[in-house]
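Q: Can you walk me through this one? I'd like to start with the pockets.

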Amino acid sequence: MVNHIRSQYESFSNLIWKIAIGSSLSWELSRLLGSEHPYLAPLSVIICIQATTDKTIKLAIQRVIGTIVGIPIVVLIANHLTINGLSLGLLILLGGYMTKWLKLSQQIMHQVALTILLVFVFEKRTENYAFDRMNDTLIGVMVAVLLQFIWSYFKRKQKNASYKE
């Protein structure tokens with residue numbers, strides 16, 4: 001019982017460290033690559049980093065697919081709409097049914113809806129938001145996955161070293 005509690009505490013601490021490190025790295029990398037919206041990369045890290053590498057990869061793939069599906073819907077249609085609740089609802093409805101038509105998961109539909117919301121609101125207010133959204137999403141998910149692999153590698157190495165003692 002005590003080992004289980006200690007394991008959960010350690011896992012939670014690891015998650016906190018991975019999110020903090022990944023957020024810092026992705027923000028700076030995004031900024032270095034010229035993004036005007038570097039907060040989007042850590043957003044992907046925060047959403048994607050999970051306790052295991054497999055779960056992180058799964059969420060990263062869903063995030064990228066959702067972003068790829070959501071951006072064109074808004075970029076092609078939103079210029080003809082006013083920013084209001086009805087327009088947002090119609091865009092999300094379109095994105096949701098496009099996700100269903102493509103036979104994608106409900107989790108991807110959530111990412112599509114999130115992308116539609118943010119791109120719809122910010123693309124008209126700031127230049128290059130959709131472009132930055134795609135690039136920064138890719139930066140964030142790559143940092144999250146890479147960090148998970150590195151973290152797992154060192155955890156295994158540490159575990160193997162403690163067995164040899």
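Predicted model: local features only at pLDDT ≥ 70, side-chain atom pairs only at ≥ 80, totals over all residues.

Q: Which residues line the second largest pocket?

A: They are Glu-10, Ser-152, Lys-155, Arg-156, Gln-158, Lys-159 and Ser-162. By class, that lining has no nonpolar residues, 3 polar and 4 charged.

Q: And what volume does the second largest pocket have?

A: About 180 Å³.

Q: OK, how much space lies in the largest pocket?

A: About 280 Å³. It has 13 lining residues, and the closest to its centre are Asn-14, Lys-18, Ala-51, Trp-151 and Lys-155.

Q: Which elements give two or more residues to that lining?

A: Two helices do: α1 and α6, and α6 covers 129-164. Helix α1 gives the most, with 6 residues.

Q: How does the lining of the largest pocket divide by class?

A: There are 3 nonpolar, 7 polar and 3 charged residues.

Q: Let's stay with α1. Where is Ser-30?

A: Ser-30 sits in helix α1, which runs over residues 2-32.

Q: Is Ser-30 buried or exposed?

A: Buried. Its relative accessibility is 0%, so Ser-30 falls under the 20% cut-off.

Q: What is Ser-30 in contact with?

A: Leave aside neighbours within four places in sequence. Then Ser-30 contacts Ser-35, Pro-38, Ala-41, Asp-136 and Ile-139.

Q: New topic: His-110. Buried or exposed?

A: His-110 counts as exposed because its relative accessibility is 52%, and the cut-off for exposed is over 50%. His-110 belongs to helix α5, residues 106-123.

Q: How far apart are His-110 and Phe-131?

A: In sequence, His-110 and Phe-131 are 21 residues apart. In space they are 20 Å apart, C-alpha to C-alpha.

Q: Now the inside. How many residues are in the largest nonpolar core?

A: It has 28 residues. Val-74, Leu-91, Ile-116 and Val-119 touch the most other members.

Q: Which elements give two or more residues to this core?

A: They are α2 (40-48), α3 (53-77), α5 and α6. The largest share, 9 residues, comes from α6.

Q: Pick Val-119. What is Val-119 in contact with?

A: Again, skip neighbours within four places in sequence. Val-119 is in contact with Ile-71, Val-74, Tyr-129, Ala-130 and Arg-133. One of these, Val-74, is also among the core residues that touch the most other members.

Key. Residues numbered from 1 in each chain as written. Heavy atoms only, no water. Helix = DSSP H or I, 4+ residues; strand = E, 2+ residues; numbered from the N terminus. Buried < 20%, exposed > 50% of the residue type's maximum accessible area, 1.4 Å probe, protein only. Contact = heavy atoms within 4.5 Å. 1 Å grid on protein atoms, 1.4 Å probe; cavity = no way out; pocket = protein on both sides within 12 Å on 5 of 7 lines; lining within 4 Å. Points joined across faces, edges and corners; volume = space filled by probe spheres on them. Nonpolar A, V, L, I, M, F, W, Y, C, P; charged D, E, K, R; others polar. Core = buried A, V, L, I, M, F, W, Y, C linked by side-chain atoms within 4.5 Å.
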